[in-house]
Amino acid sequence: MSESPPTTPVCYRHPGRETYVRCTRCDRPICPECMREASVGHQCPECVNEGRRSVRPARTAFGGGTAGRHGYVTKALIAVNVLLMLLSIASDRGGDAAVGGSGFGGLMGGSTPLTNWGSVLGLAVFPDGTLGGIADGQWYRLITAMFLHYGVIHLLLNMWALWVLGRSLEANLGPLRFGALYLIGGLGGNVAAYLFSAQNSATAGASTAVFGLFAALIIIERKMGRDVSQVIPILVINLVFTLTVPGISIPGHLGGLVVGALMALVLAYAPRGRRTLVQVVGGAIILLALVGLVLVRTAYLLG
């Protein structure tokens, strides 16, 4: 009997393609299109995907994802603030939205229809005779105020600080934890402004969140054993400006500082074994406490 000629192996995904290369993991023949370079030899797409699923994703020291090193959340926050500044200027129709307001020698810019709509405001009667403010049910102001600014100078100062502080914190905490820190710190500052400012006084700006980032950077860096001697003087200078320059919300800045510090302590010192659970519960407790303070202040204004 004559022996049958040996058959040439073909790719398991592309039967019409001959190949002598095999996956180093499952030993199936693979063509050049299916080859995935591995530490030794090549692997097929299925083995590569299975290996990715079995590998635990890399985490930062505080449990966050390593995608934070790209600063996507920081960049997105800056983009939102810039976009709303443009919309604020457009809503003013030739007014003093960009420059010409009261703060910093008139360089801060004035209020606009957009800032009037979204700033922190306790309770006030508007020019058209309607009543509005957080006490009147406009709770959204506690969030929108941290994305609105009185003029371009006001915006640039806060965005510079956000760019410097945000990239470092996001890299250490990861995107989700950094985003939670920013929002809770900003909310804390706005709640403080609501509690301790005149009921008809309007405030806005990302500085409530930025002061929270200042406090968080000191806590996070100290937890990691790094030197913070260069950060503290900058924070002190900002506090001096807060206390001496007219038109700046002292309660907002100090409130953001305190609440940002509390949230950073939760993120930094959560026990490793139950880190995510403690961080989520700690953040929820801070949020509930802020909501309770808003309810107390609202009851007082309406009483």
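Here are some friendly notes on a predicted model, point by point.

1. First, the ground rules. The model is predicted, with local features needing pLDDT of at least 70 and side-chain atom pairs counting only at pLDDT 80 or more, while totals for chains, interfaces and linings use all residues. Residues are numbered from 1 along each chain as its sequence is written, and side-chain values use heavy atoms, with hydrogens and water left out.

2. On the record: UniProt, in an unreviewed entry, annotates residues 137-268 as "domain: Peptidase S54 rhomboid". UniProt positions are given here in the numbering of the model, feature names are shortened, and annotations may be inferred rather than shown by experiment. In the model, residues 137-268 are 74% helix and 0% strand, with the end C-alpha atoms 35 Å apart. Helices (H or I, at least four residues) and strands (E, at least two) are DSSP runs, numbered from the N terminus.

3. The unreviewed UniProt entry also lists "transmembrane region" for residues 72-90, 147-166, 178-196, 202-219, 231-248, 254-270 and 277-300. Residues 277-300 are 100% helix and 0% strand, and their end C-alpha atoms lie 35 Å apart.

4. Now the aromatic pairs. Rings of Phe, Tyr and Trp (its six-membered ring) pair if their centres lie within 6.5 Å; planes under 30 degrees apart count as stacked, over 60 as edge-to-face and the rest as tilted. The count by this rule is 3 aromatic pairs. One of them is the stacked pair of Trp117 and Tyr140, with 4.8 Å centre to centre and 25° between the planes. Trp117 belongs to helix H4 (residues 113-118) and Tyr140 to the loop between strand S4 (131-132) and helix H5 (141-144), so the pair ties together parts that are 23 residues apart in sequence. Buried means under 20% relative accessible area, exposed over 50%, and partly exposed in between (1.4 Å probe, protein chains only). Trp117 is partly exposed at 43% relative accessibility, and Tyr140 is partly exposed at 29%.

5. Two arginines sit over tyrosine rings. The rule asks that NZ of Lys or CZ of Arg be within 6 Å of the ring centre and within 35 degrees of the ring normal. Arg28 lies over the face of Tyr12, 4.1 Å from the ring centre. For Arg297, the charged end is placed over the ring of Tyr194, at 6.0 Å from its centre.

6. On to salt bridges. Side chains of opposite charge can pair when their charged atoms come close. A salt bridge here is a side-chain nitrogen of Lys or Arg within 4 Å of a carboxyl oxygen of Asp or Glu, and the count is 2. In one of them, Arg17 meets Glu33 at 2.6 Å, N to O. Both residues lie in the segment before strand S1 (36-37), so the pair ties together parts that are 16 residues apart in sequence. Arg17 is partly exposed, at 35% relative accessible area. Glu221 and Arg226 also form a salt bridge, at 3.3 Å, N to O. Here Glu221 is buried at 10% relative accessibility, whereas Arg226 is partly exposed at 38%.

7. A surface feature to look at: Val258, Leu262, Leu265 and Tyr269 make up a nonpolar patch with about 370 Å² of accessible area together. Patches are made of residues with over 30% relative accessible area and no salt bridge, like charges being joined within 9 Å and nonpolar side chains (Val, Leu, Ile, Met, Phe, Trp, Tyr) within 5 Å. Accessible areas come from the Shrake-Rupley method with a 1.4 Å probe, and for residues only the protein chains shown count as cover. Leu265, in helix H10 (residues 250-269), is partly exposed at 38% relative accessibility.

8. Gly64 is in the loop between helix H1 (45-54) and helix H2 (72-92) and is buried, at 1% relative accessibility.

9. Last, a backbone angle to check by eye. Asp27 has a phi near 70°, a positive value in a residue other than glycine. Asp27 is placed in the segment before S1 and is partly exposed at 45% relative accessibility.
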